[in-house]
Each structure stands twice: as C-alpha cells, then as structure tokens.
Amino acid sequence: MTAFTRRHVGIGAAAQKVMLDTLGYDSLDALMDAAVPQGIRQAVISQSTIPAAASEREALAELRAIAGENTVRRSMMGLGYYDTIMPSVIKRNVLENPSWYTAYTPYQPEISQGRLEALLTFQTMVADLTGMGTANAGMLDEASAAAEAMLMARRASKSSSAVFYVDADAFPQTKAVLATRAEPLDIELIEVDWSTAPDLADAFGGFVQYPGASGAVRNIEPAIAAIHAVGGIVVVASDLLALTLLKSPGSMGADIVLGNSQRFGVPLGFGGPHSAFFAVRSGLERSMPGRLIGVSRDADGNPAYRLTLQAREQHIRREKATSNICTAQVLLAVLATMYAVYHGPEGLRAIALAVAERAARFADAARAAGLDVVHSDFFDTVQIRVPGAAAALGAAAREKNLLVYVADADTVQLSFDELSIGEHTGLLAGGDDVLLEGVFGIRKIQESGSSTSVDDVDALAYDHTALPGDLERTDEILTHVNFNSYRSETSMMRYLKRLADKDFALDRGMIPLGSCTMKLNSATEMEAVSWREFGGLHPFAPAEDVSGYLLLTSQLEEWLTELTGYDSVSLQPNAGSQGELAGLLAIRGYHLSRGDNHRTVCLIPSSAHGTNAASAVLAGMKVVVVACNDNGDVDIDDLRAKIAEHRDELAALMVTYPSTHGVYEHGIREITDAVHEAGGQVYIDGANLNALLGFARYGDIGGDVSHLNLHKTFAIPHGGGGPGVGPVASKAHLAPFLPGHPFAQSTAHPAFDGRTGAAGAFVHGGGAVSGAPYGSPSILPISWAYVRMMGSEGLRFATAAAVLAANYVAARLRDHYPVLYSGDNGLVAHECILDLRPLTAETGVTVDDVAKRLVDYGFHAPTMSFPVAGTLMVEPTESEDIAELDRFIDAMIAIKHEADAVGRGEWPADDNPLHNAPHTADSVISGEWTHPYSREVAAFPWRQLDGFTLPAGHVKYWPAVRRVDGAFGDRNLVCACPDPSAFE
C-alpha cells in the first residue's frame, strides 16, 4: 500500500483488526468474499491501463507536465466565457479553504447558515441585476439553464402549442443543448431574428439573448411583446456584468432570465464548473427548477435560512418532478457572490464601464483603419466583417497569442473583459493593445478619456461606450448592506471567516451521509485546480492549444472504462442528473436508429433515486415502477410481470447497484438478462460505484450504460452542493449516441489512445447536454490525481475499507437501532439504514430529533428518510479513522438512551434535549433555565458518557440557530437578503 493510500484510508492495520474481530472475519478479503456475491466478481485484468500508484510528488510532477502541454493564449473568444480576476482574498479563503469546499448540501440548515447566507446573497445579487422577483441558488451552466427555462415556459404557458422560438443571435452552444432537450419532448424549435419584427404564430415561449452572441445590444421590448402576444413565456439570457449598465430584462417584461455568473471572478477552466443563474418574475417562483434559499425562523423566532420549496423535489414527485436537477454549482456561486461583495456596486459598474469603453475604443480605431465594424451598439463584443478572410485573420491572431472567434467565413469577433482593463506595467505592459495593433493593422490605440483605472468611475462616462442611450440603466443596484460593507481585505477576510464558522464541514468532523459519500478530498488532489494552465483556457480554444487537457481526459476516460467494464466514456455531463439524462438519451438514440420508435417504457424500481424517474421523463420515456420485496431487493417476479406486460415497448430498466438500500443483490444478473431478452437496455445508476470498485464492474453484470458520480467515488468535493461531474459510460453499441458537441476539439474518444497514441475508436454523435465539450474539466485533475495516486490496488482497498466501516457501524448499532436491510451473512455494502420508526413509536422521538441532537454531539446527521421515511442512512466512508467512527457510534447509543428516558417519562415529550436540539450558545447561557435537563446535558452531552473520548484539542461546535421551522418558510416565501434589522 502506498503512502498516499494509507493517508486517504483512515483505518490503519490495528484498527482493521479490531473492526474485523467485531464482525468475525480474519481479513478484509474474507469480509469482501462474504459480502460481494461471487457471481458478479470481476476477473483479473491482464493488462491494466491504470499505472502503478504514484506518490503525491510524482502525481503533481506528472500533472505539471500535462498542464505544460496546454497553451494559454489571451482569449477574447467570448460567447459567454470571459477571462476575469479572482481576488486573492477569495481564492485563499473560499476556493482553497476546506471549510467551503468540503461542505455538504445544506439540507441541515442549522449547521449551514454560512453557506446559506452566501447563497441568499447570490440570489439577491441575481434578482437585483436582472430586475426579477426571485432568483434561485444557481444552475449547472447557462446552456442547460436555458433548456430548463424552455421546459418551465411550457409548464407555465397556457398555450397548447409545441413551438418555442429561439433567438438567431443566441450562443451556439445554447442552441445545441436546446435542440438536444427539445427533441425527445416533441418541442419544435423555430429560429428567429428578433431585429426584424417577425410575424409569430402561437407558441408556448420564446428565447432572447441580451446582449446577443454577436455582441449586438438591441432593445428587446418588441421581442418580449411579440412573444407575449402569441401566449408565450419570455426567456431572456443575459450577462450580469452588462446588466450593471443596461436596463434589466425584468423592467422590460421578461418572465424568466438566466445566464452565467462565470465572469464574476471564476476562471474560464476550459468551460467549467461555473454557476449559471436563473430568475423569474413574481408568480413563477414556486415552479422554478433548482434550489431556492429562503428565510424562515428558528425555535426562538429568530430569522434563519433554509432550502425551501423545490429542495429534493425529485424524491417526492419522481416522474412528476419538473426537473431532474439534484445539485447546483454552489461553490462557484459562492465565488461569484463574494466577487460582487468584494467589489460592491461601484466597483462592478466601474469594471463594466471600463470593459465597454475598451470595446468602443477598439471599434473606433478599427473603423479608422478602414475595417467594417458590424454593430454600432454593443457592450463588450465587437464584430468585424472581413469578406473571405475570417479564418486567415483568426490564424494570424493565434500566431500573436490572441484567440478571437471566427463566426463565419466573413466575420470575426472579439470580446473584451476584465483582463482588458486597468494598469498594465512590467510584464503586462501594453496589455491587449499590443496584440490588437499587430493583428488588425491599426495604429496605436489611444485612450479616449483621462484614465481607464477601474477605481476612477468619473473618468469613464457613458459617452465612451457603444451602449445605446435608451437602454441605459438608471435604477440603483446591489443596495443591500452585504454589497456595501467589505471594502478592505481585512473586513472581507473576516466576513468570509464568520460565514465559514457558522457551518459544519468535513474539516470539523465526520459527515456520515448515506448515498452521498463525503470522503476525503486531499490537498494534493485539489492543488492543480488553481493552476492557470488548467483554469485559463477557453472551452472553444483550438485543439492545438489544449493537448494537455485532451491527454488528461483521454487517460481518465480509459481508466474509467477499465474500472466500469464499459467501452467508452463521455466526460461532458456536469452533474449526475445530466449523466443520467445523457445515458437515457443514448438508449433512445440507439432504439431510434434501429427503427424501434415504439420502445418508450422505462422500468424503475420503487427504491430508486428520485432523479431516475425525472430523467426518464425528460428523455421522452414513460415510467413504469417495479416493486421491491421486504429485503429491499428488486422484486424479480414483479419485474418479469412488468417486462411481459410492456415487452414490445420496453426501452430500458434503470437500476442502482448496490441497491439504493445499500445491499448487494444476488439477482442482478437475472434482472439484466431478463431485460436484454426482451430487447431492452440496462441503465445501471453509478451512484454506489464506490462499493464495487475493484471487485465488480457494471459492464460485466449486464449494464449497457451508467453515469458515474465523480464527486462521490472519485473524490471531487461537494462544495456545499456542487460542483459535481457525472460522466456517462457505455458499451460500444451505445457509444455513437453519447453526447457530442459542436465545438469539441476532438470527436474521437479517447482523443489519444493510451497504447497507440492514435485517436480513439469511438465517435460520440449524440446531442450536447452541457455548454462546454468536456463539461466541468477544470476539476477533472482532482479525479485524475485520485486514481493516479491510489492505483488499482489502492482503489480496491478503499472499497473494502468503506464496506468494513459501514458494517462495523451497523454491527455496533444493531442492538440499539434495527438495521433495515442486509445481504449475505447479515452484511451491508458501503452504507447501512438505521430504522428509527420503532423508536418513534415507543418514545415519540422522531428522526428529525435524532438528526438535530447529533449536532449537539458535534456531528452532521446522516441522510434522513431516504430511501425509507423515518430512517437514517449512514455511510462512514473509508476516510474516517476508528476513533471518529466510535465517537459517532457512542453518540448514537447515547441518543438512544436519551430517547428511552423520554419514553419512560423522565423528560416531557415536548421539553427534552432531543426535542429542543440543537442548542445554540445563546440558548444555553441566556436567561433563566427552565428545562428539566441541565445546561450541561444540552450543550456538552458527551460529558455524561463513560469512556467517550474526543479528538485531541476538540473545540465545541455551536450551531448559529436553533431548529428551523421549515413550514413557516414555505408559507412565507422570502428569498432575498433581509434587512440587517431583522437579526437585532
């Protein structure tokens, strides 16, 4: 075992023996032989593509060499992706801070108030700049947000039409994703030029880009009125920086506004991850997709933040859900928010003005040089018509280390951004001007004002821009105190620290969430994320500039195919939900290619993750539910009956393995064989791959396609609810239908075959599901480093250690809480479900009470009431050591004793340490103490336990608020930052 593996896996040799002795096994191999059915065990791989495990130093050296194969030129390609500057105080205190990047989705609001405040500030920022009533807490990317808006428009419109109008001046990647998402739902997309006042027929909605992809800034009110006139919902895609200067879409009548927050300090990253934004007019907020943060109140009546309305709607509504999106890009939304907090309204406006001035000044110089500037009104993007010479001009620009966008044979365009402005001295002397003068043959660009410093707002008046005067923004922006308080680095640093201190993340203690796998995200894995060679590339940069990325993605694709038993992998899906959709669309494409248009039924077990059913509907399939038996396994008799009933129309089965209940089912081969015999395809949800890795492979047990959660099995951090990456892997016959992309630098997969160096054998020809060809590539070095440092044996050991930890927890807690499901020899997989329903029946103590009381003991709660209501799903992962496992076990046992005391009547049912949990510092020290238990029992419950030990130097975690009243927040929807007086 390598040094890195020993550090990644928290259970040392001595601890392994103690845990194995508890379970009655003499080795990890013996445990895994007893747990994993022999019929699914993978054969030995004779020639592995995964090299022997590297040390941390070696892995970083290899990554440096790979990064060195990328060429970072000055990109002015635009199209929704712009270079920007992340303030160092944000980079150090958020992006590189485990308090932020190891946090989980804020389903437990009492221990998530910091990130919830940050996300509420994001919503406030977006709603303010777009002029809309309510914004959500972010989306996966702009293109998929546009698709979600299209679907929301269809739901919200009263029109029965299937027509959706799309702006001819929309970003091309957005058009591609809209086409992918429209086809299976029989939506007809009609492209229109809104500048020509088109005559529209009935439609359920229309899409307008403002400013346009060409850079043109037009008054969109006529287009909005035209769409409304035919009964449609208006969707506007916009730019947050432009909206600091331009009239808001909300003020012009838009119904939905979306876009990308990337240019607010988030690196290009070859396309992601970036947080899209999504806002709606008043009246539509309750049908908005994604996550929404709201203001509620806690048990003392104090304001408290929480997820509201849509949170995890897929698990409740399943095939009736309005979206399959289960995650967001939370960490990236926080970065964009803090960029706005750091600069404030004056700073953002100054940056925008400086960008607009530079663009206008270049256009003036280009005209003076005899060039044909296409548009007279624009913000940051200038189009130049060069008949027949666009490709040559683009090539000449690249020779000067400048990337411009070749829009067509006659047109090039370039977008100015934050790197275009400010002082340029030393190595940066001259900035963009030096490049532009040489490429476009224009004389030295003169300053049109006395200064271009972003700190000197007065020197940058509107007459220095090419923005139309009638679209000038006149209302104030970002007036909330959060955007007007932190101008010094000292105050900004302290603000970020205050927010982080309110939260519980993996840097404080174990987060034992079943189904979510909160494992270690090592610092070495994370290091390359902030390298300019990975972060500074435009997603549509030429292939010659991104050979390092193509090498990294090729290696990762090959490693993942080997680990899963599939033949090809697409890294494009930027979340597990998008991977699900991509896999089902591949199945759909395969059936259509064979003339099997009638195959539209998707069988889904009742225990499945809720996104499965939602994804199937979005792929144009009809969901038929298959029952589960008392053991939590798929009921094979019911499956066979459903197959017989729908044999001729069967498209697919979606099944999770190991099961959603955390059990290795014996019948998986029988299940997959039955589906194949009927002509269907098998989709195996890869959510629980971390319980199989190295022991079994989806492709060997009958899977045709799977998505993989890199943020679970392969160590990409959750970041408070995202980023995630959801690659989709398939057998060869489905590979032609995996996601393609109009800007893909290589159509071959892998781009480089590891054995021959030639292009790979598979071409993915399906529709795009993400805005960028490789989804969220700037975080792929994390998973690359994880596999490279673990090696095949390390990955296999991590699986065994996770199974050992889960079974150790189950064995020690089984006498206190029934373990709901188990497989062979009474063993579970990587997670166990503790049944609290008997406890609730006997004592009245609920699963919520136990979850909140765990906070007082210093833990994040396990997953609540999924997949079974009234239960806790516990997944300790391989990263935790035995001391932390024992601490959690002891806390759960102590909570059981407390609940029994309530049941015996020693404490009233409505006034006990569980019912009142969690306890804040203020609730313990302030006022008269009237509860029938002591302050010490409330705040330091472990002091009552014999033998309970805390980690050395343990610091008590105090939640920021008491238990949050969720129902109040849903009834009284407040989704923007309240006035500070609300907290007094």
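Predicted model: local features only at pLDDT ≥ 70, side-chain atom pairs only at ≥ 80, totals over all residues.
Trainee: Is Lys519 buried or exposed in this structure?

Mentor: Buried means under 20% relative accessible area. Lys519 counts as buried because its relative accessibility is 3%. Lys519 lies in the loop between α15 (489–501) and α16 (523–527).

Trainee: Which residues is Lys519 in contact with, leaving aside its neighbours within four places in sequence?

Mentor: Lys519 is in contact with His8, Leu506, Lys712, Thr713, Ala715, Tyr786, Thr877, Glu878 and Ser879. With Tyr786 there is also a polar contact, in which the two side chains are joined at 3.1 Å.

Trainee: Where is Thr5 placed, and is Thr5 buried or exposed?

Mentor: Thr5 belongs to helix α1, which covers residues 3–8. With a relative accessibility of 1%, Thr5 counts as buried. Its side chain makes a polar contact of 2.9 Å with the side chain of Thr2. Not counting residues up to four places away in sequence, Thr5 touches Met789, Met790, Gly794 and Phe797.

Trainee: How should I read a helix pair, and at what angle do α3 and α23 cross?

Mentor: One reads the angle and the separation of the axes together. Helix α3 (residues 28–35) and helix α23 (residues 780–813) cross at roughly 75°, and their axes come within 10 Å. The two helices are therefore roughly perpendicular to each other.

Trainee: Which residues of α3 and α23 meet?

Mentor: On the α3 side they are Leu28, Asp29, Leu31 and Met32, and on the α23 side Arg796, Phe797, Thr799, Ala800, Val803 and Leu804. By class, this contact has 7 nonpolar, 1 polar and 2 charged residues. Phe797 of α23 meets α3, and Phe797 is also one of the residues touched by Thr5.

Trainee: At what angle do α7 and α12 pack?

Mentor: Helix α7 (residues 113–130) packs against helix α12 (residues 330–368) at about 65°, with the axes 9 Å apart. Angles of 65 to 115 degrees count as roughly perpendicular, so α7 is described as roughly perpendicular to α12. The crossing of α7 past α12 is left-handed. From α7 the contact draws on Ala118, Leu119, Thr121, Phe122 and Met125; α12 contributes Val330, Ala333, Val334, Ala336, Thr337, Met338, Ala340 and Val341. These residues divide into 11 nonpolar and 2 polar, with no charged residue.

Trainee: Turning to the backbone, which peptide bonds are cis?

Mentor: Most residues other than glycine have a negative phi, and most peptide bonds are trans. Here, the bond from Gly272 to Pro273 is cis, with omega near 10°; Pro273 sits in the loop between β7 (256–260) and β8 (276–280). Another cis bond joins Ala917 and Pro918, where omega is about -5°. Pro918 is in the loop between α26 (882–903) and α27 (921–925).

Trainee: What is the phi of Asp186, and what is the phi of Ala197?

Mentor: Asp186 is not a glycine, yet its phi is positive, about 60°. Asp186 occurs in the loop between α9 (172–182) and β4 (188–192) and is exposed, with a relative accessible area of 61%. Ala197 likewise has a positive phi, near 50°. Ala197 is found in the loop between β4 and β5 (205–210), and at 66% relative accessibility Ala197 counts as exposed.

Terms used: Residues numbered from 1 in each chain as written. Heavy atoms only, no water. Helix = DSSP H or I, 4+ residues; strand = E, 2+ residues; numbered from the N terminus. Buried < 20%, exposed > 50% of the residue type's maximum accessible area, 1.4 Å probe, protein only. Contact = heavy atoms within 4.5 Å. Polar contact = N/O pair within 3.5 Å; in protein donor to acceptor, adjacent residues only side chain to side chain. Axes fitted to C-alpha atoms, helices over the stretch in contact; angles between N-to-C directions. Parallel < 35°, antiparallel > 145°, perpendicular 65-115°, else oblique. Left-handed = near helix turned anticlockwise from the far one by under 90°. Nonpolar A, V, L, I, M, F, W, Y, C, P; charged D, E, K, R; others polar.
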